[in-house]
Amino acid sequence: IGFCCIREEPFVPIVRLITIVPADIDLLYLKFVFEALIETGEGSSIPQLTVPGIKPKLIPVSPLKEQVRIASKVNDLFNILAEIENNKNELITIIASAKSKILDLAIRGKLVPQDPNDEPASVLLERIREEKEELIKQGKIKRDKKKSVIFKGEDNSYYGIHLPDGWNWAILKDISFSISDGSHNPPSDKGFGVPLLSAANINNNSVLIDNATRWITNKEWEIENQRTNIEMGDVLLTIVGSIGRSAVVETKEHFALQRSVAVIKPCFIIPFYLMHIFQAPQIKKWLNDNSKGTEQKGIYLKALSMMAVPIPPLEEQSRIVEQITVAFDQLDLISNAL
């Protein structure tokens with residue numbers, strides 16, 4: 001309602017289209033006046049703009065030559081605004097591309113220089129294995145009976161990536177204390193209590209708790225949280241619908257999740273490193289390629305747990321996260337200024 005254009009080609013108007021034949025009024029000027037003054041319509045069920053409603057409309061009429069000047073000026077300004085908008089969209093695309101390239105360099109070990117004095121990732125992975133073995137003995141976690149195997153490509157690489165010296169490939173489940181997802185049958189919305197979040201509440205690098213639209217009681221949360229046990233430092237990954245957005249839990253505030261979000265508890269791996277790796281273009285492609293479903297695709301936890309992850313030395317993980325943070329902050333400053 002209220003969309004207005006000048007007739008350039010013959011047509012026959014039908015219902016929902018009002019045709020106005022002006023007399024001695026500049027067409028472009030009249031178009032701009034309509035766009036500025038016409039309401040969005042009237043009516044309860046289906047709003048509409050009617051002929052009886054528009055006939056008595058008062059419009060400002062200036063001398064004809066001034067109408068032409070006004071219309072020309074407004075049109076010029078609109079063209080400038082359109083060019084600004086196009087440039088803005090191009091810059092947004094460039095910023096997104098720059099972030100993707102930064103993550104591409106990070107996953108290849110090319111974002112920061114390697115330090116030969118760093119403890120190799122192989123030592124870190126052995127420490128992770130020993131820690132998980134101890135927890136298995138204590139009965140705190142269960143042993144995974146399925147052997148971890150990384151299927152590399154013909155060129156002895158994974159995702160087409162050749163890792164630097166000191167790095168190692170690892171299966172996600174081998175570097176995680178646990179991998180779970182949110183409730184498959186969440187309680188009904190109570191309208192109050194503990195937020196029940198979905199993939200829509202997980203943005204890259206942030207958990208949008210304040211944007212929650214569903215809530216459950218504290219008692220229901222206690223039941224739901226027995227399996228996921230969401231804690232600070234956990235990595236959240238969207239796995240249904242919009243797949244591949246990730247964030248680190250940085251709050252002690254209680255919340256529960258629907259099944260569209262996975263909870264990964266990293267073991268001796270810097271959570272923010274893992275978060276950024278999930279956002280790398282190679283991993284996003286893998287996640288989408290391994291998702292199933294027709295109406296709404298999703299990736300099963302079994303498949304997710306077998307995802308290969310490049311592991312650098314712990315010290316380099318820290319340097320990578322720091323470099324990404326600095327670069328992304330600068331890019332976000334540009335983006336927010338648009």
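## Helix packing, cores and loop residues

In helix α1 (residues 27-37), the buried residues are Tyr-29, Leu-30, Lys-31, Phe-32, Val-33 and Phe-34. The model is a predicted one. Helix α3 (64-107) is part of what covers the buried residues of α1. Asp-26 caps the N-terminal end of α1. One of its side-chain oxygens sits 3.3 Å from the backbone nitrogen of Leu-28.

**Cores.** The largest nonpolar core has 50 residues. Leu-172 and Ile-175 touch the most other members. Helix α9 (residues 314-337) gives this core its largest share, six residues. Another core, of 13 residues, lies apart from the largest one. Its members include Ile-202, Ile-230, Val-249 and Leu-257.

What does Ile-175 touch, leaving out residues up to four places away in sequence? The contacts are Leu-125, Ile-128, Ala-170, Lys-265, Pro-266, Cys-267, Ile-269, Leu-274, Val-309 and Ile-311.

**Helices α6 and α9.** Two packed helices are described by the angle between their axes and the distance between the axes. The axes of α6 (residues 271-279) and α9 come within 9 Å. They cross at roughly 60 degrees. The two helices are therefore oblique to each other. Their crossing is left-handed. On the α6 side, the contact involves Phe-272, Tyr-273, His-276 and Gln-279. These meet Gln-317, Ile-320, Val-321, Ile-324 and Phe-328 in α9.

Is Asp-234 buried or exposed? Asp-234 has a relative accessible area of 3%. That is under 20%, so Asp-234 counts as buried. Asp-234 is placed in the loop between α5 (218-228) and β7 (235-238). A polar atom of the Asp-234 side chain lies 2.8 Å from the backbone nitrogen of Glu-231. Beyond four places in sequence, Asp-234 touches Asn-229, Ala-247, Val-248, Val-249, Val-263, Ile-264 and Lys-265.

**Positive phi.** Asn-205 has a positive phi and is not glycine. Phe-268 also has a positive phi and is not glycine.

Definitions and conventions
Residues numbered from 1 in each chain as written. Predicted model: local features only at pLDDT ≥ 70, side-chain atom pairs only at ≥ 80, totals over all residues. Heavy atoms only, no water. Core = buried A, V, L, I, M, F, W, Y, C linked by side-chain atoms within 4.5 Å. Buried < 20%, exposed > 50% of the residue type's maximum accessible area, 1.4 Å probe, protein only. Helix = DSSP H or I, 4+ residues; strand = E, 2+ residues; numbered from the N terminus. Contact = heavy atoms within 4.5 Å. Polar contact = N/O pair within 3.5 Å; in protein donor to acceptor, adjacent residues only side chain to side chain. Axes fitted to C-alpha atoms, helices over the stretch in contact; angles between N-to-C directions. Parallel < 35°, antiparallel > 145°, perpendicular 65-115°, else oblique. Left-handed = near helix turned anticlockwise from the far one by under 90°.
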